Amino acid sequence: MAEYAHPEALVSTDWVSQHGKDPNVRVVEVDVDTKAYNEAHVPGAIAWAWNTQLCDTVRRDILSQEQFEALMAGSGVTPETTLVIYGDNNNWFAAWAFWQAKIYGHKDVRLMNGGRKKWLAEGRDVATELPHVTPTAYHAKPADFALRAFLPAVQKASAEHSAALVDVRSPQEFTGEILAPPGLPETCQRGGHIPGARSIPWGKACNDDGTFKTADELRALYGHEGVDGAKPVIAYCRIGERSSHTWFVLKYLLGFDNVTNYDGSWTEWGNLVAAPVAKGAAA
Amino acid sequence: MKIEEYHERTLDLDGWKVNLTSYRLETEWHAKADNVSPGATLCRTTGASREEAEQKALKRAEELLGRTRRHAV
């Protein structure tokens with residue numbers, strides 16, 4: 001993994017097997033399917049539910065600083081803890097949790113390469129019991145919104161081509177043929193994509209076993225679509241978790257300086273009154 | 001405790017590609033169906049055999065995929 005810009009942001013399943021229960025390490029499972037953890041999980045891992053613990057449940061937003069601090073404290077995490085996050089769907093919501101941990105300045109956060117899928121496929125030990133957690137006091141840093149794109153920045157990027165917009169949804173969501181991933185509820189009024197966006201589905205960054213492709217392969221994948229880090233990049237999807245995955249790839253594996261995750265994503269843009277929408281394949 | 005007999009295959013269901021994963025956890029079989037693109041879990045089922053767990057997953061996945069509307073582009 002030495003060829004990545006920040007190889008320290010990834011750990012292997014072997015590493016977790018050897019160090020997952022070290023006193024300064026906290027392993028956390030974050031799944032799209034929040035029932036998965038209860039079925040079986042990495043021994044010693046705790047779970048965070050993306051839809052109740054990694055967002056504000058009243059207004060649509062990420063955790064506030066106070067909510068993040070409470071989550072970390074209740075999870076037995078201190079600012080010095082090595083936080084190792086993994087999950088289903090090749091780490092979709094694990095990347096979402098990683099992104100929020102970085103927004104609030106947690107220093108040592110890592111993704112387990114390959115996520116839950118690789119751990120299970122390798123036939124490693126799993127557990128069903130919940131680990132004992134001793135609460136801590138946790139003081140986060142103020143939010144670093146240089147990692148997050150809000151609507152005005154996206155509108156400016158689309159209108160002025162001041163940033164590369166990367167749509168990481170499936171090609172059919174991008175064209176407007178479907179309004180949500182197949183089998184999931186439609187959550188927007190209009191289909192299509194933000195004008196000027198390039199279609200680079202998140203999954204193209206992964207191998208079949210769920211691990212990330214090599215830096216050379218990733219550089220070629222994004223470079224082919226003109227996304228080379230020369231100008232700011234804004235990644236988006238439907239609700240912001242798949243784009244967290246791509247944000248991680250661009251920022252930590254390829255080392256692009258200015259990458260933001262537009263977590264409003266298509267559920268914001270596709271519901272906006274009078275917002276410009278492009279249909280069909282990218283020009 | 002370990003996951004055993006892990007198996008994945010991709011098939012076509014109602015015009016959509018579906019990834020079907022199944023494995024045994026002690027005496028119970030587990031199956032999971034996800035839509036290949038983008039890869040979101042559609043359902044998770046259990047059964048006394050691989051076949052039973054997979055059939056339940058495929059039935060539920062077919063129900064969900066059948067609700068997906070395709071729009072003219």
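Let me begin inside the chain: A:Leu165 stands opposite A:Ile234 in strand S8 of chain A, where helices (H or I, at least four residues) and strands (E, at least two) are DSSP runs numbered from the N terminus. Before I go on, please keep in mind that this is a predicted model, in which local features need pLDDT of at least 70 and side-chain atom pairs count only at pLDDT 80 or more, while totals for chains, interfaces and linings use all residues. Residues are numbered from 1 along each chain as its sequence is written, and chains are lettered from A, with ligands numbered from 1, in the order in which they are written.

Back to that pair of strands. A:Leu165 belongs to S6 of chain A, and both faces of that strand are covered, with A:Ala164 and A:Val166 on one side and A:Leu165 and A:Asp167 on the other, all of them buried; by buried I mean that 20 or more other C-beta atoms lie within 10 Å of the residue's own, whereas exposed means 12 or fewer and partly exposed lies in between, with C-beta atoms placed from the backbone. S6, residues 164–167, pairs with S8 of chain A in the parallel sense over four bridges, and two strands are said to pair if DSSP finds at least two bridges between them. A:Ala164 stands opposite A:Val233 in S8 of chain A. S6 also pairs with strand S7 of chain A, residues 198–199, again in the parallel sense, over two bridges, and there A:Asp167 stands opposite A:Ser199.

What about S8 itself, residues 233–236 of chain A? A:Val233 and A:Ala235 point one way from this strand and A:Ile234 and A:Tyr236 the other way, and all are buried. S8 pairs in the parallel sense over four bridges with strand S9 of chain A, residues 259–262, where the bridge partner of A:Ile234 is A:Thr260. Together S8, helix H9 (residues 241–253) and S9 of chain A make a right-handed β-α-β unit; right-handed here means that, with the strands pointing away from the viewer, the path from the first strand over the helix to the second runs clockwise.

Now let me step back to the whole of chain A, which has 10 helices and nine strands. Its C-alpha trace spans about 50 × 40 × 35 Å along the principal axes. With 283 residues, a compact globule would have a radius of gyration near 19 Å, and chain A, at 18 Å, agrees with that; the radius is taken over C-alpha atoms, and the globule rule is 2.2 Å times the number of residues to the power 0.38. Buried residues make up 47% of the 283 residues in chain A. Two residues are in contact if their C-beta atoms, placed from the backbone, lie within 7 Å, and among contacts in chain A between residues at least 6 apart in sequence, 75% join residues at least 24 apart.

How is chain A divided into domains? The assignment gives domain 1 (7–142) and domain 2 (148–269), with bounds that come from an automatic or database domain assignment. The contact between them takes 19 residues from domain 1 and 16 residues from domain 2 of chain A. On the domain 1 side, the elements that give two or more residues are H4 and helix H5 (115–121) of chain A, and H4 gives the most, with nine residues.

H4 of chain A, residues 88–103, also holds A:Asn91, whose phi is near 80°, a positive value in a residue other than glycine. A:Asn91 has 31 C-beta neighbours inside 10 Å and so counts as buried. Most residues other than glycine have a negative phi, and most peptide bonds are trans.

That brings me to chain B. Phi of B:Glu26 is near 55°, again positive in a residue other than glycine, but B:Glu26 is found in the loop between S2 and S3 of chain B and, with 11 C-beta neighbours inside 10 Å, counts as exposed. The peptide bond from B:Ser37 to B:Pro38 is cis, with omega near 20°, and B:Pro38 is found in the loop between S3 and S4 of chain B.

Finally, the two chains meet: 24 residues of chain B are in contact with 32 residues of chain A. The elements of chain B that give two or more residues to this side are strands S1 (3–13), S2 (16–25), S3 (28–35) and S4 (41–47) and helix H1 (50–65).
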